[in-house]
Each structure stands twice: as C-alpha cells, then as structure tokens.
Amino acid sequence: RLRNINEQIEYISSFKLLSEKDEIVYQNMKSKILILKTLFTEAEDKPFDSKAKDILSFNFIEKIQNTLQDFFIFMNEFIGDKCTENIFIREDVGIWIKQEILCYLLLSQIFDRWYTKPSGYAGDYFTIELMYQKIPNGVGNLGKMLDHCFLNIPPVKAVQNRRGLLAKEILDIIKSKPTEEVHITSMACGPAREIFDVYQMVDHPKKLRVNLIDIDEKAIEFVKREAEQFGILDNINLVKANLIYLARGRINIEFLPQDLVYTIGLIDYFTDKYVLSLINYIYKILKPGGKVILGNFYSESQYKAFMDYLLEWKLIHRNEEDMNRLFSLSDFKKPCSRIFFENEKINLFAECIKS
C-alpha cells in the first residue's frame with residue numbers, strides 16, 4: 001500500500017511560488033518535520049508501556065504527542081482555510097507533508113483506519129468504537145506510541161466527549177418525564193455507546209424506546225449484539241437506511257412522535273441542502289416540545305488541515321451562524337434554542353425545540 005501511495009505522490013516543485021513570508025514558514029515546517037522524524041526513529045528503540053509506569057517512557061510519549069499536536073496546529077496556520085495562499089499551493093504543500101511523514105503515521109492502528117477508510121468513510125462505527133476503547137495498538141513500538149498519541153489528541157477527545165454529553169441530554173429528558181415513555185431516535189448511530197450508557201443508569205429501562213438508524217449493515221449487527229448482551233433488544237428498533245433518501249422522501253419509515261432526535265457524526269458530510277432536508281424530516285417526527293440536537297465539527301478547529309490533508313477526511317465545518325441560519329430556513333422557522341460545545345470546543349452542538 002505504501003509503495004502504491006508513493007507512486008501516486010509527485011515531489012513538489014511549486015514551493016517557489018510561495019510568498020517570502022510563507023517561504024520562512026515553509027522552512028520552519030521542514031524543521032518541524034525533521035524533529036518529528038528524529039523522534040519517530042528514537043521511538044523504535046524504546047519499549048512501549050501503555051500504563052507509563054516508567055517516567056522516562058511517559059515523558060518520551062508525552063513529548064511525541066505534544067510535538068505532533070504543535071505540528072498539526074502549525075500546519076493549520078500554514079495551509080488551513082484561513083491561509084491566504086492559493087488553494088493549489090496549499091494542496092501541494094499538503095501532499096508534500098503527507099509524503100514526508102505518512103509512512104510513519106500509518107503504523108498507528110487508528111490512523112491507518114482513518115486513512116484507508118475500509119467502510120468508505122473515516123468515521124465508521126468500528127473506528128468510533130476504537131476511539132472509545134482507547135487501547136493503543138499498531139505496528140512496532142512506534143505504532144503503539146503513535147496510537148496512544150492519536151487516541152489522546154483533542155479531535156479524538158472531542159469524539160469521546162460526545163458520548164457522555166449525549167448520555168446526559170437523554171437522561172435529562174427521562175428525568176423530566178418520570179411517568180411517561182420516552183422516545184428517542186439516533187441517526188447514523190454508529191456503535192451507539194451513549195444509549196447503552198443510559199440504559200445502565202436508568203431505574204426503568206423499559207420506559208426508554210430508541211430508534212437506531214445507520215446505513216452500515218455491520219454497525220446494525222454490532223448494535224444488535226450489544227443490545228442482546230445488555231438484555232434491551234426489545235426496547236430498540238434497528239433500522240438500516242440511507243438518511244439522504246429518508247430526508248428527501250425517497251423512502252418512508254413510520255416513527256412514533258419523538259422526544260429527541262439527534263445525530264453527532266453525520267451532517268459534517270452533508271451540504272446545506274441535505275442538512276435542511278434532514279432538519280425538516282426531523283421536525284415532522286418530533287413531538288411538540290420535542291427537540292433535535294445536531295453535532296458538527298466546529299469551523300474554528302485547529303486540526304482541520306490535519307484532517308483535510310493528512311487523513312483526507314474532508315468534512316464541512318460549521319459555526320454558530322451557520323447552524324442558526326439552517327434552522328431559521330427550516331420548518332422550525334427560528335434560530336437554535338441553544339448552541340453548546342464539548343470540552344475541547346472542537347464539536348459544536350445545535351439544539352432546536354419544536355413549538
């Protein structure tokens with residue numbers, strides 16, 4: 001695979017087009033890449049201790065993680081969306097960076113999965129599950145160290161944070177309806193860990209009825225196995241469906257009026273046109289007083305260039321203004337009732353309540 005990748009990547013000659021100021025930045029980038037490569041070479045001679053009992057091992061792993069994070073932030077400043085350079089030059093620089101360090105990063109299990117996208121997209125159910133499990137794995141000492149680092153960088157922490165944040169939102173709705181059944185739908189549910197967390201915390205699990213929708217048959221099978229182990233399969237309606245088709249009316253699924261509909265890893269892939277269709281569909285299936293929560297990567301993330309150019313995971317990042325505009329244009333006909341963030345401020349969550 002690496003040989004094929006290298007054959008596809010041509011060495012860059014367009015750096016001569018950089019401005020004088022950015023030429024200095026480019027030289028700094030070269031220096032930072034050399035530092036990374038030196039650390040990567042040193043790592044192969046050091047045994048990996050995931051529990052970091054040895055303070056020297058812990059300090060070295062922490063040094064790699066901090067150096068990687070600084071590099072990704074610097075990369076975002078140099079070729080991110082706010083960079084003033086021509087987009088073609090930014091693409092060229094991104095290819096050059098990938099050529100320099102990709103072969104090292106692919107030794108990490110989670111990075112390899114992000115990059116190769118075995119399900120066709122980087123955020124499939126099993127990749128999310130690996131982020132939740134936080135068990136470092138990879139090829140050799142360096143692979144395991146890099147996996148440990150990637151499982152602890154802010155964008156991954158943001159994904160991990162979504163689990164607890166959504167579980168809390170669901171629990172709050174259950175507490176607000178002590179005598180009623182609560183109906184919830186998760187779109188692009190993935191491993192649905194937040195749902196299983198909630199079922200372990202509630203006193204009366206049978207009061208919670210959940211629709212879990214995903215396009216991936218393997219995700220549906222995974223959730224079904226987990227639900228059987230938890231003994232809650234009767235409470236869960238598993239639906240394999242294309243959510244674009246659902247939103248556009250090409251397929252129809254009957255749901256009872258819902259108290260909450262949410263999705264936390266979907267609309268980043270959709271243009272505004274399809275997000276609007278999805279919001280309008282959600283509006284139809286909500287109860288009066290029911291609410292929707294849509295998660296989206298935040299436009300101010302310092303890791304967007306890392307995702308765009310190294311992972312080839314190009315999502316549509318949005319901000320508060322974008323989400324308010326979308327809901328105002330939708331059948332809700334008003335801006336969000338609340339916009340909030342997980343602790344890393346990399347994932348934004350937009351809530352709107354049906355009048």
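**Pockets, cavities and a helix pair in close-up**

**View 1. The lining of the largest pocket divides into 21 nonpolar, five polar and five charged residues.** In this grouping Ala, Val, Leu, Ile, Met, Phe, Trp, Tyr, Cys and Pro count as nonpolar, Asp, Glu, Lys and Arg as charged, and the others, including Gly, as polar. The model is predicted, so that local features need a pLDDT of at least 70 and side-chain atom pairs count only at pLDDT 80 or more, while totals for chains, interfaces and linings use all residues. Residues are numbered from 1 along each chain as its sequence is written, and side-chain values use heavy atoms, with hydrogens and water left out. The pocket holds about 520 Å³ of space, and of its 31 lining residues Y121, G123, A188, G265 and L266 are the closest to its centre. Two or more lining residues come from each of α6 (125-133), α8 (154-176) and α11 (243-247), with α6 giving the most, three residues. A pocket is an open set of points on a 1 Å grid over the protein atoms alone, with protein on both sides within 12 Å along at least five of seven lines; a cavity is a set where a 1.4 Å probe fits but cannot get out, and lining residues have an atom within 4 Å of a point. Grid points are joined across faces, edges and corners, and a volume is the space filled by probe spheres set on the points. Helices (H or I, at least four residues) and strands (E, at least two) are DSSP runs, numbered from the N terminus.

**View 2. The second largest pocket has a volume of about 230 Å³.** Its lining consists of I73, N76, E77, G80, D81, K82, S299, E300, S301, Q302, K304 and H317, of which one is nonpolar, six are polar and five are charged. Helix α3 (residues 55-79) gives the most to this lining, with three residues.

View 3. A search of the whole structure finds two cavities of 30 Å³ or more.

**View 4. Helix α9 (residues 193-201) packs against helix α10 (residues 217-230) at an angle of about 10°, with the axes 11 Å apart.** The two helices are therefore roughly parallel, a label for angles under 35 degrees, where over 145 is roughly antiparallel, 65 to 115 roughly perpendicular and the rest oblique. R193, F196 and Q200 of α9 make the contact with F222, V223, E226, A227 and F230 of α10, where contact means heavy atoms within 4.5 Å. Axes are lines fitted to C-alpha atoms, for helices over the stretch in contact, and angles run from 0 to 180 degrees between N-to-C directions.

**View 5. The protein chain averages a pLDDT of 90, and 91% of the residues score at least 70.** Over residues 7-14 the pLDDT, the predictor's confidence in each residue from 0 to 100, is below 50, and beyond near neighbours in sequence this stretch has 11 contacts in the model. Where pLDDT is low, the predicted coordinates should not be read in detail.
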